[in-house]
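Hi everyone, thanks for making time this morning. Let me put the structure up on the screen, and then we can walk through a few places together.

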Amino acid sequence: QIFNQHNAEALSLEQAFHRMAQTEPNLDHDVSWFLLPPYWAKMVVALISFLCFANSYDGDFVFDDSEAIINNKDLRAETPLGDLWYHDFWGSKLSSNTSHKSYRPLTVLTFRINYLLAGGFYPVGFHVINIILHCTISVLMIDVFSILLGGLQFSNKGRRLNLAPKSSLLAALLFAVHPVHTECVAGIVGRADLLCALFFLLSFLGYCKAFRENKEGHTFSVLWVLVSVILGAIAMLCKEQGITILGLNAVFDALVINKINLLELIQKLLHKDKSLENTGQLRKGLLIRITLLMSGGASILYIRWRIMGTGPPAFTEVDNPASFADNLFVRAINYNYYYSLNAWLLLCPWWLCFDWSMGCIPLIKSVSDWRIIALAALWFCLIGLICQALCSEDSHKRRILTLGLGFLIIPFLPASNLFFRVGFVIAERVIYLPSIGYCILFTYGFSLLSKQAKKKKILAVAVLGILLINVMRCALRSSQWRSEEQLFRSALSVCPLNAKVHYNVGKNLADKGNQSAAIKYYREAVRLNPKYVHAMNNLGNILKERNELHEAEELLSLAVQIQPDFAAAWMNLGIVQNSLRRFEEAEQSYWTAIKHRKKYPDCYYNLGRLYADLNRHIDALNAWRNATVLKPEHSLAWNNMIILLDNTGNLAQAEAVGREALELIPNDHSLMFSLANVLGKSQKYKESEALFLKAIKANPNAASYHGNLAVLYHRWGNLDLAKKHYEVSLKLDPMAPGTKENYNLLRRKLEQLQKKGG
């Protein structure tokens, strides 16, 4: 063994563990690794897991965080807490046809607490909680792996013993530093997986406590079994995968508590062997416990089904193309290929991507596709492991391999497409729990190699190298998750065929004002996926702003042809048609948008602009009023109402609308400016002056604000103040319309007054 300089405490621990584990082979005997006291082992795991992801603490809200957090009304105090239980993860009603049916109210509740404690959308607090959760889970993994690798034994005082301290430390370190976990930790939406994993592990440890009084399972604590079921339910309320812990608890009970030999049991059942009645394998409370687990699981699923409704979630072909394939063979082949890619991400987590949909992984449509090799490799390995798990004469080996495969496969089942269609091709976050099984198998494989190797130090150094590389990969990947620009660009080399990657890079560039570069990426997204309506819509918007109206119209017309209920594209098409002075078509497009999205304030606003251009003033005012009813803070709609009423001589009505608007949006300087103009025309100079000054204080560099205040002073007779603000206005904008003429008039008047005074 290497690392021989252990302290006396570590030596005494090792000797004690060897004495306790004489009844079966000890995995630690062959593992060349550190032996640390329990407290120090947990400190080391916590510190290393923290170092891996610490640089993500001050990252932005990225990718799905916008929808799940920033745009999620369930986080705000005005939303009743009870609504969380009837909404999905994204804040939509579960009964809605557009809901993804992802029911995670406890995760959303933690987001809400984060938001309330921070006093707004400040990402640091969200990130810190994610890092703490991963560190906590990694520390808990030592206890979990000590049971899975070393077995479940208690001291005379009822304290659980760690019979595999070195192996459990290695497995926990492998888990803590696995780069595939970066999405869960550095991406705030990954909170769902972290919380699910936390209660998943607590459920497992709680189930183990049920046997504290009698490790053979003759007697057990019903209370702890029920606690385990409740913790499993909590895990499921954080994310759907949590329910699988109940199945894993049953597997653990059968293999570890009851020491069932699955192959032997199957053979006896098939041959109706009478000796089965005398084995006593099923007489140790196993059936009672399995019944409790199954009843609890069935009750949880039934309640969730009642809340969620009977309708399945609605996904599109671009989300998961294999699930839409007509040919059963094509579906099966591609599902298995996805499994092999997930396995590869566990083995070699170097190529990581925030999104694997939209052409990132082309469908396998023929057996001549070379990627079939990946399927063959996956099943060759799995069948080999299953055979060893079932047929090995070594009960210790059977137990570890079966538990490793169980923890690898069972938590992955909800994402496997076997029971229902999922909304992704590959999602790194769903491998968080299955990686437990991978760590078990890796550690067991390392112990076998250590047993055979002559130079054990070299093998241990190699594993240390793997851990170090993973730590560096985690740190690098965490830094990529700090901002959308880095995250999206990092995906270009991994998934160059993914239209969504190009779309997101383009969107990020457009948000930063780099329209020319954004156009390039939007065009590539449309080229890769000719039915990508969101890319068409965004590209059409940019072309509209650049006055390339005919191409913009073509793109938007194609978008609504592909997706007739795409309200945003209909509205943007209406804006383009309005700019092309095709007013009837524009009006029809706006009303089609409103038909598909009844609460669409921006569309009502643009419809009002169309009516104003056509001098249909009453229709324009009604449209803008609808916009403000749907969105009371819609400043542009309020402003347009004030200006239209002002221009048509309805000063009293304009004043009333202005005051109503400022009550709702008291700090909007553009509304102050518009109302100040109306009050000035109504000769309410003092109040008008106060609003102008307040608007200028909020936006001191607006030339028009100074210019119009100067006009007010000019009318009022405060000529010196008028002169001062004319000069400020002209300094800010020398070409301001009308200001120079008014200033010249004022100067002539002042000169005349001076002559008279002289």
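Predicted model: local features only at pLDDT ≥ 70, side-chain atom pairs only at ≥ 80, totals over all residues.

R616 has a partner, by the way. R616 and D619 form a salt bridge, and their closest N and O atoms are 3.1 Å apart. D619 is partly exposed too, with a relative accessible area of 31%.

Let's move on to another pair, E655 and K684. These two form a salt bridge whose closest N and O atoms are 2.9 Å apart. The pair links distant parts of the chain, 29 residues apart: E655 sits in helix α29 (residues 651-664), while K684 is in the loop between α30 (669-681) and α31 (685-698). E655 is buried, at 12% relative accessible area, because buried means under 20%. K684, on the other hand, is partly exposed at 35%.

Now have a look inside helix α31. E689 and K686 both lie there, three residues apart, which is about one turn of the helix. Their side chains meet in a salt bridge, 4.0 Å from N to O. E689 is buried, with a relative accessible area of 13%, whereas K686 counts as exposed at 60%. Staying with charges for a moment, salt bridges that share partners join E655, R659, K684 and E687 into one network. And how many salt bridges does a search of the whole structure find? The total is 27.

Next, some helix packing. The axes of α10 (residues 244-257) and α16 (residues 395-409) come within 11 Å of each other and cross at roughly 175°. The crossing angle is over 145 degrees, so α10 is roughly antiparallel to α16. On the α10 side, the contact is made by L248, V251, F252, L255 and V256. From α16 come R399, T402, L403, G406 and F407.

Last stop: the surface. W344, L347, W350, W351, L468, I469 and M472 make a nonpolar patch of about 800 Å². Helices α14 (328-347) and α18 (456-480) each supply at least two of the patch residues. The biggest giver is α18, with three residues. L347 is exposed, with a relative accessible area of 56%.

That's my tour, so over to you for questions!

Note on methods
Residues numbered from 1 in each chain as written. Heavy atoms only, no water. Patch = residues over 30% accessible without salt bridge, like charges linked within 9 Å, V, L, I, M, F, W, Y side chains within 5 Å. Areas by Shrake-Rupley, 256 points an atom, 1.4 Å probe, with all protein chains shown as cover. Helix = DSSP H or I, 4+ residues; strand = E, 2+ residues; numbered from the N terminus. Buried < 20%, exposed > 50% of the residue type's maximum accessible area, 1.4 Å probe, protein only. Axes fitted to C-alpha atoms, helices over the stretch in contact; angles between N-to-C directions. Parallel < 35°, antiparallel > 145°, perpendicular 65-115°, else oblique. Contact = heavy atoms within 4.5 Å.
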